[in-house]
Amino acid sequence: MMARAPADSHLTPQATQPGGHVPVMLAEVLDALQPADGGIYLDATFGLGGYAKGILDSAACTVWGLDRDPQAIARGQAMTEAEDGRLHLAEGRFGALDRVLEERGVAPVDGIAFDLGVSSPQLDVAERGFSFRFDGPLDMRMGSDGPTAADVVNELAEGDLARIVRDYGEEKKARRVARAITQARGDKPIQRTGELAEIVRGAVGHARGKAKAHEIDPATRTFQAIRIYVNDELGELERGLAAAERALKPGGRLAVVSFHSLEDRAVKQFLRTRSGDVPRASRHSPDPDPADRLPEPTFRVLFRQAKKPRADEAETNPRARSARLRAAERTAAPAWANFEEGRA
């Protein structure tokens, strides 16, 4: 049994990160993962390498960084050289992280961290088209393949657009937004983030009775929805959690930081189910058929309620305010995916 590094609730993330980058809830993620000397860990959403750096600074271990964004992998090369063989990078989707690790001969691993959503460079570079804060091409792809956001808003039927904005953006005025988009694109294709933001703002309007300083921009939910759809983020998350289940060794730790309710709900449901925290049949009911029984739990949840960022972090880092952390420890039970495949 490897000795785990002691948890340090007073860890100062700024002290460990290059270039002033402060990963969200780093101290809490490290406390959940408990990096150990000799361990192998995966930063499944490498981005700027914040969690990878924090893990490397916490123990004499090895870290693999995975990202579907080739620009993130390119940026990380200097970091791999500085870590003298302890950091390795791989381009790919975290929905296939178990295969990526197996192909490199490093599975199973001792811990996996997910930092969901969009990275700072993706948001802050106008050409990536993720944010309406800058006018740029309407792209929103985390990788370099597949349809762009412009393809989505210009080609999908009005009903499909309304469903996407409603389901992924939780926008109450989704039908109005979809109608405004289809009307606008009838005049000319929508190609820029600024164009789309103005169309959505006109359809949604500002909430009454609130000071503008405290309002969420009316375009926020629609941009979130289109981004989630373009990148299949919820499907990728579902696949990534199942892949993590397969890739972790018994006693390995999983830590997931999410930033909106749809992500957090998916993580919560996965961990509840995989930990056996599901409604039980009445003791008066007949015993279920063995084929219908759930497999043995594959995770032990580390804390029942999602952790939120500390008040000082939420105050200094606006992007941290909506963050939620959930974490669990892998049991020795076989992955449910194998069980399900065996039943098929």
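This passage describes the overall make-up of the chain and then several of its local features.

The structure is a predicted model, in which local features need pLDDT of at least 70 and side-chain atom pairs count only at pLDDT 80 or more, whereas totals for chains, interfaces and linings use all residues. Residues are numbered from 1 along each chain as its sequence is written, and side-chain values use heavy atoms, with hydrogens and water left out.

The secondary structure of the chain amounts to 15 helices and 7 strands, where helices (H or I, at least four residues) and strands (E, at least two) are DSSP runs numbered from the N terminus. Of its 344 residues, 49% count as buried, a term that here stands for a relative accessible area under 20%, while exposed stands for over 50% and partly exposed for values in between (1.4 Å probe, protein chains only). The chain exposes about 17,100 Å², and carbon and sulfur atoms supply 50% of this area; accessible areas come from the Shrake-Rupley method with a 1.4 Å probe, and for residues only the protein chains shown count as cover. Among contacts (heavy atoms within 4.5 Å) between residues at least 6 apart in sequence, 69% join residues at least 24 apart.

Strand β7, which spans residues 324-330, is mostly covered, with 6 of its 7 residues buried. Strands count as paired if DSSP finds at least two bridges between them. Strand β5 (residues 248-258) runs antiparallel to β7 and is joined to it by 6 bridges, with Arg253 standing opposite Glu329 of β7. Strand β6 (residues 299-301) is likewise antiparallel to β7, to which 3 bridges join it, and here Phe299 stands opposite Arg330.

Phe299 is also among the residues touched by Arg274, which, not counting residues up to four places away in sequence, touches Glu245, Pro297, Thr298, Phe299 and Trp336. Arg274 itself lies in helix α13 (residues 261-274), and it counts as buried because its relative accessibility is 11%.

The axes of helix α10 (residues 193-204) and helix α11 (residues 220-231) come within 9 Å and cross at roughly 125 degrees; axes are lines fitted to C-alpha atoms, for helices over the stretch in contact, and angles run from 0 to 180 degrees between N-to-C directions. The two helices, α10 and α11, are therefore oblique to each other, given that angles under 35 degrees count as roughly parallel, over 145 as roughly antiparallel, 65 to 115 as roughly perpendicular and the rest as oblique. Where they meet, Thr193, Leu196, Ala197 and Val200 of α10 are in contact with Thr222, Phe223 and Ile226 of α11.

Several loop residues can be described in turn. Glu83 lies in the loop between α4 (77-82) and β3 (87-91) and counts as buried because its relative accessibility is 9%. Leaving aside neighbours within four places in sequence, Glu83 is in contact with Lys53 and Leu56, and its C-alpha lies 9.9 Å from that of Asp57, a residue 26 places away in sequence.

Pro108, in the loop between α5 (97-103) and β4 (109-115), is joined to Ala107 by a cis peptide bond with omega of about 0 degrees. Gln34, in the loop between α1 (26-33) and β1 (40-43), is not a glycine, yet its phi is positive, near 50 degrees. Met140, in the loop between α6 (120-124) and α7 (149-155), also has a positive phi, of about 75 degrees, although it is not a glycine. Gln34 is buried, with a relative accessible area of 15%, and Met140 counts as buried at 0% relative accessibility.
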